[in-house]
Amino acid sequence: MSDVLDLTCDLIRRHSVTPDDAGCQAAIADRLMRAGFTVRHLRFGEVDNLWATHGGSGPTLAFLGHTDVVPTGPVDAWRFDPFEPTVVDGVLYGRGAADMKGSVAAMVVALEAFVAAHPGHAGRVGLLLTSDEEGPANLDGVRRVAEVFRTEGERIDWCVVGEPSSTTRLGDLIRVGRRGSLSGTLTVRGVQGHVAYPEKAKNPIHAFAPALAELAAERWDEGNADFPPTSFQVSNLNAGTGATNVIPGTLTALFNFRYSTASTAEGLKARAEAILARHGLDCTLDWNLSGEPFLTPPGGRLREVVASVCRERAGVSPVESTGGGTSDGRFIAPLGAEVVELGPVNATIHKVDECMVVADLERLPDLYGVICERLLP
């Protein structure tokens, strides 16, 4: 069994469902300390974070990953025990194999090999891990660590995120940016009453419907060369008591903007609030900004290096995309870092029978290692 496969299996055996790290970071810290890394544990609430570095002054290249995984779902639907890694026909099965314990193991193995071969390398290499990436809040993970780094003046110049970016072949897609995510919780107040006496009630569903139609039809921006147009989507509408003869007293709507650099969070808030105001709704609107959009532009050193490594070592010319959801890279980019995501095929992430091709896993440390060599010769 190869070193990277062995470490990935060890990590999969640990039941690290968010926010429980289940000892993953301690095991990794022990390995990296033996390799000469300086290790710092940053625990906030129930969340474990690890920052391990090697080297001195000069630019910093950080690898970013997470040790937590999503719940398994019905265990009896899996072919194998999701926390007992199993290799069948060259494929590794287990929760976290692709998202993202395989990438984390590959980063560790690559960093160990890099500092062993280049003990006096330029700049610094680092590994930042959290156990709070898959959770809904992400308050005590990389978001919190980035706040500490900003206060302390910790600098990251380049950041490689190990999220599973590839689509059908390792390295066929890299993410060079992500859209921002702005969510709203809207409560529309009406007056509850009997459906037979609508004149004595005020239906919040009826009041909100014209505003919703306008919000859904609005063209928020045209996007730009790097991002598609901003999208507005309602994810949940809730009103009523369940009875057919009661006009509800309140309505709650959850919605989200996935927005490009062509818009700002403040601009989207102002426009949405103006639409609601025009319809005279009695309402309360609470906003949650989970991440600003970011982009590593063409010509950025990291983007060029990662793309060239995929071409030369993985044998594929990658699509350079800003699609998908969000990642923890959104917290590192505002520190001034170029951020690129490169990881395994994402076809089975969060699914029953999550898996990763072993050959891809064993090639991944080489890709990460060559990135180190080219950025920090």
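**Exercise 1. Classify Ala-22: is it buried, exposed or partly exposed?**

Step 1. Ala-22 has a relative accessibility of 28%, so it counts as partly exposed; buried means under 20% relative accessible area and exposed over 50%, with partly exposed in between, using a 1.4 Å probe and protein chains only.

Step 2. Helices (H or I, at least four residues) and strands (E, at least two) are DSSP runs, numbered from the N terminus.

Step 3. Look at the backbone too: Ala-22 is not a glycine, yet its phi is positive, about 55 degrees.

A word on the model before going on. This is a predicted model, in which local features need pLDDT of at least 70, side-chain atom pairs count only at pLDDT 80 or more, and totals for chains, interfaces and linings use all residues. Residues are numbered from 1 along each chain as its sequence is written, and side-chain values use heavy atoms, with hydrogens and water left out.

**Exercise 2. Find where His-350 lies and describe its backbone.**

Step 1. His-350 belongs to the loop between strand E18 (338-341) and E19.

Step 2. Its phi is positive, about 70 degrees, although His-350 is not a glycine.

Step 3. With a relative accessible area of 42%, His-350 is partly exposed.

**Exercise 3. Locate two cis peptide bonds, at Pro-19 and at Met-100.**

Step 1. Thr-18 and Pro-19 are joined by a cis peptide bond with omega of about 0 degrees. Pro-19 lies in the loop between helix H1 (3-12) and helix H2 (24-34).

Step 2. Asp-99 and Met-100 are also linked by a cis peptide bond, where omega is about -10 degrees. Met-100 is in helix H3.

**Exercise 4. Check the lengths of helices H3 and H9.**

Step 1. The expected span is 1.5 Å times one less than the number of residues.

Step 2. Helix H9 (residues 358-375) has 18 residues and should span 26 Å; its end C-alpha atoms are 27 Å apart, which agrees.

Step 3. Now consider burial. The buried residues of H9 include Leu-361, Leu-364, Tyr-368 and Cys-372. An α-helix has 3.6 residues a turn, so residues three or four places apart point the same way.

**Exercise 5. Work out the strand order of the sheet that contains E12.**

Step 1. The order is E12-E14-E10-E15, in an open sheet of 4 strands with antiparallel pairing; two strands pair if DSSP finds at least two bridges between them.

Step 2. Strand E12 (231-239) and E15 are the edge strands: each has a single partner strand, so one side of each is left without a neighbour in the sheet.

Step 3. From one strand to the next, the twist averages 15 degrees; axes are lines fitted to C-alpha atoms, for helices over the stretch in contact, and angles run from 0 to 180 degrees between N-to-C directions.

Step 4. E12 pairs with strand E14 (residues 250-259) over 8 antiparallel bridges, and Leu-237 faces Ala-253 in E14.

Step 5. Leu-186 is part of strand E10 (residues 180-189). Leu-186 is buried, with a relative accessible area of 0%. Its C-alpha atom is 5.6 Å from that of Thr-252, 66 residues apart along the chain.

**Exercise 6. Describe the hairpin of E1 and E2.**

Step 1. Strand E1 (residues 38-44) and strand E2 (residues 47-55) are antiparallel and share 7 bridges. Leu-42 has Asn-49 in E2 as its bridge partner.

Step 2. Between the two strands are 2 residues, and Gly-45 in the turn has a positive phi of about 60 degrees.

**Exercise 7. Which residues are closest to the centre of the largest pocket?**

Step 1. The largest pocket holds about 560 Å³ of space. On a 1 Å grid over the protein atoms alone, a pocket is an open set of points where a 1.4 Å probe fits, with protein on both sides within 12 Å along at least five of seven lines; lining residues have an atom within 4 Å of a point. Grid points are joined across faces, edges and corners, and a volume is the space filled by probe spheres set on the points.

Step 2. Among the 28 lining residues, the closest to the centre are Glu-133, Gly-325, Thr-326, Ser-327 and Arg-330.
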